[in-house]
Amino acid sequence: MENFCIGTLTHNGTNRDTQLELTINTFLENTNIPYVKWFIFINGESESINSVCNTLANKWKDKVNIVTIQSNINMGVGAGINRLNHYCRDYKYTLFLEGDWITLPQQIAGFDKDWLNRSLEMMETNNVEQLQLRKYQNDIDNRQFGFAYWIADKNVESVTDEYVFLKEREYTNNPHIRKNSAYYKLGIFPLKEFYDENGNPTEL
């Protein structure tokens with residue numbers, strides 16, 4: 001089993017090419033990583049996203065091996081992630097990063113470029129099965145996405161300078177590092193897929 005890969009889901013919507021470009025560039029500009037494979041699943045045909053992937057694969061060829069997979073229709077989030085996972089499943093850890101997120105620089109995030117390496121070491125040392133990554137900008141952002149609910153005292157095991165260790169936390173498509181075997185063992189994967197009576201996807 002290989003140790004680590006990155007998986008990204010994007011789709012053929014408006015401005016998704018420029019958003020994906022920002023996602024990849026900000027991550028690689030602000031993160032020190034060993035040479036890894038980065039699987040990108042494009043949900044629905046898109047020449048512009050393919051072009052971005054090809055350009056960035058050449059730009060960052062010394063840091064990552066970008067592998068692009070594309071479906072002919074947008075199958076929905078659940079089905080798209082399930083297809084992406086075919087390529088990630090045999091890796092021990094996967095960083096899941098949808099194609100519309102940015103990695104903040106150190107002066108905003110408060111972490112240096114070795115944050116990912118430290119996080120993987122922490123997960124391995126402490127047998128942590130998932131690490132969720134997100135900076136909440138304000139109290140409204142926090143409450144809207146439910147973070148405060150999970151950090152109630154009764155659900156917190158311990159707190160360090162970098163991490164809050166929780167007893168439990170639900171699955172989210174927000175950026176996270178996961179131990180793939182745990183997600184399958186717990187029945188999180190495969191995700192549910194949604195189709196109508198004619199077999200057409202209903203989740204977009």
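Reader: How many bridges join β4 to strand β8, and do they run parallel or antiparallel?
Author: Four bridges join β4 to β8 (residues 176-179), and the two run antiparallel; strands here are DSSP runs of E with at least two residues, and helices are runs of H or I with at least four, numbered from the N terminus. Two strands count as paired if DSSP finds at least two bridges between them.

Reader: Which residue of β8 does leucine 95 stand opposite?
Author: Leucine 95 stands opposite isoleucine 177 in β8, and isoleucine 6 stands opposite leucine 95 in β4. Strand β1 (residues 2-11) is joined to β4 by five bridges, and these two run parallel.

Reader: Ok, and how many residues of β4 are buried?
Author: Five of the six residues in β4 (residues 91-96) are buried, which leaves the strand mostly covered; buried means under 20% relative accessible area, exposed over 50% and partly exposed in between, with a 1.4 Å probe and protein chains only.

Reader: What should I know about where the model comes from?
Author: It is a predicted model, in which local features need pLDDT of at least 70 and side-chain atom pairs count only at pLDDT 80 or more, while totals for chains, interfaces and linings use all residues. Residues are numbered from 1 along each chain as its sequence is written, and side-chain values use heavy atoms, leaving out hydrogens and water.

Reader: Switching to the whole chain, how many helices and strands are there?
Author: The chain has eight helices and eight strands, and buried residues make up 41% of its 204 residues.
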